[in-house]
Amino acid sequence: MMRLATLILWLAASAAHAAGAPIVRIEAPDTSSMLPGQPITVNVKVLVPNFFMSPLQFPALDIPGAIVSMPQQERGVHFSEQIDGQAYAGIQRSLTILPLQTGTFALPAAQITFSYAAVPGRATPGAVTLPQTTFKVALPPGIPEPDGSIPLIPLAMTQSLDGDPAHMKVGGALTRSVQTMAHNVPAMVIPPPSFEAPAGLRMYGHDPVLSDTPQGGQRTDSVTYVFEQAGDFTLPAVTLDWYDTSSGKVETARAPEVKVQVASAASAAPGIPPPAAAVGTPPWYRNTANMLWIACGLAAIVLALALRWLARRYIPSVRSWRAERRHVYDSSEPAYFANCIAACRSGDEIALYQALERWAQRAGVLPLASWAQAFGGPALLTQIQAIEKKLFKPHDESEQNPLVLPRLEKPLKNARKAWLDAGDKPTAHAEAVPPLNPFGSVPGSRHTRKPFAFAIWREPHQGNARPTYPGKP
């Protein structure tokens with residue numbers, strides 16, 4: 001046995017060595033004509049022998065004087081290549097670098113981690129390091145360098161008012177919101193504008209609101225003016241300077257000034273005095289109706305306190321009992337089988353296969369194929385084999401018949417009923433069933449075999465490259 005185990009390990013290591021090592025490539029545009037504030041898109045391609053078994057994991061990238069981002073909604077693009085007669089699978093991810101100043105920027109030597117099938121059916125951890133890549137960003141010839149405090153991104157401003165500035169009164173409030181937009185840059189790099197308040201009013205600032213769109217970023221700054229005296233007021237214009245890298249001039253984004261007319265507040269009308277007490281009215285404590293209301297109020301308070309005491313004493317026990325009952329049901333075989341039926345109705349082959357594996361482990365009927373043949377007959381076994389073939393074997397363009405998973409619901413229920421009627425006993429003829437796992441796991445008895453949970457990770461692919469199907473998570 002020791003010699004056999006040693007031989008297997010040696011063969012696995014030889015296969016991994018023969019498969020080759022992962023490869024990383026960088027595709028970057030020509031940055032000789034790039035200006036500050038213009039985004040640079042860099043494509044990172046990672047190639048491995050056979051296929052990937054996990055997505056690419058990028059660390060946080062930091063470049064001084066620039067912002068590096070990777071869109072979270074963007075998923076890797078799959079492709080394939082032949083390198084020295086060996087089939088390689090690849091994933092491409094895009095980075096966006098936004099230089100905020102002139103100079104030379106270097107992509108950090110960050111490490112990208114992943115797992116791939118160096119040996120079929122076994123996840124091998126892998127890592128590649130980004131190669132040294134530099135970008136040079138400069139202004140056009142003849143354009144002087146700007147002051148470091150002026151942003152090098154085009155800015156535009158608009159404003160809105162919450163209130164009518166022509167009909168304000170003393171004590172009234174007017175909210176002024178200024179929106180600053182920048183094209184092709186995130187909102188976090190937009191500098192904050194400054195607001196001023198003339199004498200005779202108070203100004204209260206609000207937290208800025210940042211939002212990003214595919215067209216660029218927007219920053220919204222708001223202040224509220226409270227007018228303390230009557231008169232005509234002018235709210236100063238709000239401005240932000242920015243440097244035009246194409247012309248070498250300092251431009252200004254501007255929100256115009258606001259004219260406000262404040263009138264005196266109307267004098268308050270005299271209040272209506274309360275009615276005089278009628279002569280001969282008895283004191284409140286001698287009024288039977290008042291005493292009845294007081295008694296009802298005291299009774300309600302006592303009842304509320306009693307209910308609160310009962311709730312604090314008994315509700316935790318009831319919740320604990322319900323949670324325990326729920327846990328017992330969630331861990332039961334019927335609950336696991338209900339998940340299989342729900343996966344059938346959803347039409348998701350991956351979810352169905354994972355639910356069946358978990359139920360088979362919980363019910364102790366592994367291997368699943370032997371159980372299906374013993375209690376569901378050849379029809380159920382054929383459908384499970386079809387699901388495994390679609391999920392774990394290479395994609396075949398000639399196979400165009402889609403699986404209709406809801407049809408499995410009734411055969412599965414009938415097989416489970418037959419199994420329950422037969423009692424808790426090992427599945428018959430388990431060793432006679434050929435292995436269904438394409439990665440080489442040997443089917444065994446329900447008492448010894450561990451479940452092999454498959455998680456399939458899908459991403460869009462290019463051309464005729466097929467999706468990768470990772471093995472053990």
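Helices (H or I, at least four residues) and strands (E, at least two) are DSSP runs, numbered from the N terminus. This is a predicted model, in which local features need pLDDT of at least 70, side-chain atom pairs count only at pLDDT 80 or more, and totals for chains, interfaces and linings use all residues. Residues are numbered from 1 along each chain as its sequence is written, and side-chain values use heavy atoms, leaving out hydrogens and water. The protein has seven helices and 19 strands. Of its 473 residues, 37% count as buried (under 20% relative accessible area with a 1.4 Å probe and protein chains only; exposed is over 50% and partly exposed in between). Among contacts (heavy atoms within 4.5 Å) with a separation of 6 or more, 69% come from residues 24 or more positions apart.

View 1: Seven aromatic pairs occur in the structure (rings of Phe, Tyr and Trp, using its six-membered ring, with centres within 6.5 Å; planes under 30 degrees apart are stacked, over 60 edge-to-face and the rest tilted). In this one, phenylalanine 52 and phenylalanine 114 sit edge-to-face, 5.6 Å centre to centre and with 70 degrees between the planes. Phenylalanine 52 belongs to the loop between strand S2 (40-49) and strand S3 (66-69), while phenylalanine 114 is in strand S7 (residues 111-119), so the pair ties together parts that are 62 residues apart in sequence. Both phenylalanine 52 and phenylalanine 114 are buried.

**View 2: two tryptophans join helices H4 and H7.** Look for tryptophan 359 and tryptophan 419, another edge-to-face pair, with 5.8 Å centre to centre and 80 degrees between the planes. Tryptophan 359 lies in helix H4 (residues 349-363) and tryptophan 419 in helix H7 (residues 409-422), so this pair links distant parts of the chain, 60 residues apart. Tryptophan 359 and tryptophan 419 are both buried. Ring pairs also bring them into a cluster with Phe337, Trp371 and Phe375.

View 3: A charge sits over a ring if NZ of Lys or CZ of Arg is within 6 Å of the ring centre and within 35 degrees of the ring normal. Arginine 416 lies over the face of phenylalanine 337, at 4.9 Å from the ring centre.

View 4: Six of the eight residues of helix H5 (residues 368-375) are buried, so H5 is largely enclosed by the rest of the structure. You can find them as Leu368, Ala369, Ser370, Trp371, Ala372 and Phe375. The cover over these buried residues includes H4, H6 and H7. After H5 comes glycine 377, whose phi is positive, near 85 degrees.

View 5: The axes of H5 and H6 come within 6 Å and cross at roughly 150 degrees (axes are lines fitted to C-alpha atoms, for helices over the stretch in contact, and angles run from 0 to 180 degrees between N-to-C directions). That makes H5 roughly antiparallel to H6 (over 145 degrees; under 35 is roughly parallel, 65 to 115 roughly perpendicular and the rest oblique). In H5, residues including Leu368, Trp371 and Phe375 meet Gly377, Leu380, Leu381 and Ile384 in H6. H4 packs with helix H6 (residues 377-392) at an angle of about 120 degrees, their axes 10 Å apart. This makes H4 oblique to H6. Here Glu349, Ile350, Leu352 and Tyr353 in H4 meet H6 residues including Ile387 and Phe392.
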